[in-house]
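Let's walk through this fold together, starting with a pocket and moving on to the packing inside. Please have the model open as you read.

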Amino acid sequence: VNQTKEQTIRYKLISLLRTMAASASSGSVPFEYLCVLDFEAICEKDQRLHPQEIIEFPTVLVHVPTRTNVAEFHFYIKPQVHPVLTAFCTELTGIQQHTVDGGIPFTDCLERHYAWLRSHKLDPRHPEGSATTRSFAYATCGDWDLKTCLPINTRHWRAPLEPCFTQWINVKKAFSSFYPRLGGARGMTEMLDALKIPLVGRHHSGIDDARNIAQVVKRMLTDGYVPTLTWRS
């Protein structure tokens, strides 16, 4: 038993040193906050709709030093180009037509999100932080949310894409690097299963997914993970 415990401690120490070395070599600095984000967008089976409008915009704010959720941002968005949800979309996400009918426009939601960030002393234009603001980065389950989906929507609606959205942590990549013995992570449910964390809520509900991904991130932080950007454009 003692040998197993020593091996576990040694493994965590090696993982921590490896992550800190990667952070230093990339020139990144530790982040005080992580914004765990998971969009839901209009969809249809075996067909890509254009533009793929965001219909749910959830974010969970995690304080890195204490590994706690400190706030949430959550709005449903009323699609304009494809106002009627497909049956496939409702079945997948659980989002009902009346929910998006009562949603707000994408541009309003994005402005509210920027205001929400500022209310927590997070500057969308300077995510690295300053003397009066905190450092932060987004964490997503893959690159699609911020590499593909959000830029499509900001371009279509001619909305401002602030610098905070041009760099992020792909949790699947970070997970696979930090826990090499657990194998590659194909998605959120695989990461939860590998860490023996129960899924809470509904898979493909944006806010539930963001909360579950936050659980994975907090476990990684507990095990010594140092948040390091995986993408910067």
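In sorting residues by class, Ala, Val, Leu, Ile, Met, Phe, Trp, Tyr, Cys and Pro count as nonpolar, Asp, Glu, Lys and Arg as charged, and the others, Gly among them, as polar. By that scheme, the lining of the largest pocket holds eight nonpolar, six polar and seven charged residues. A pocket here is an open set of points on a 1 Å grid over the protein atoms alone, where a 1.4 Å probe fits, with protein on both sides within 12 Å along at least five of seven lines; lining residues have an atom within 4 Å of a point. Of its 21 lining residues, Asp38, Phe39, Glu40, Trp144 and His204 are the closest to the centre.

A word on the basis: this is a predicted model, in which local features need pLDDT of at least 70, side-chain atom pairs count only at pLDDT 80 or more, and totals for chains, interfaces and linings use all residues. Residues are numbered from 1 along each chain as its sequence is written, and side-chain values use heavy atoms, with hydrogens and water left out. The average pLDDT (the predictor's confidence in each residue, from 0 to 100) is 91 for the chain, and 88% of the residues score at least 70.

Now look at Phe175. Beyond its neighbours within four places in sequence, Phe175 is in contact (heavy atoms within 4.5 Å) with residues including Leu182, Met191, Val216 and Met220.

Finally, find Thr132. Is Thr132 buried or exposed? Thr132 is exposed, because its relative accessible area is 63%, and exposed means over 50%, buried under 20% and partly exposed in between (1.4 Å probe, protein chains only). The C-alpha atoms of Thr132 and Leu122 lie 9.1 Å apart.
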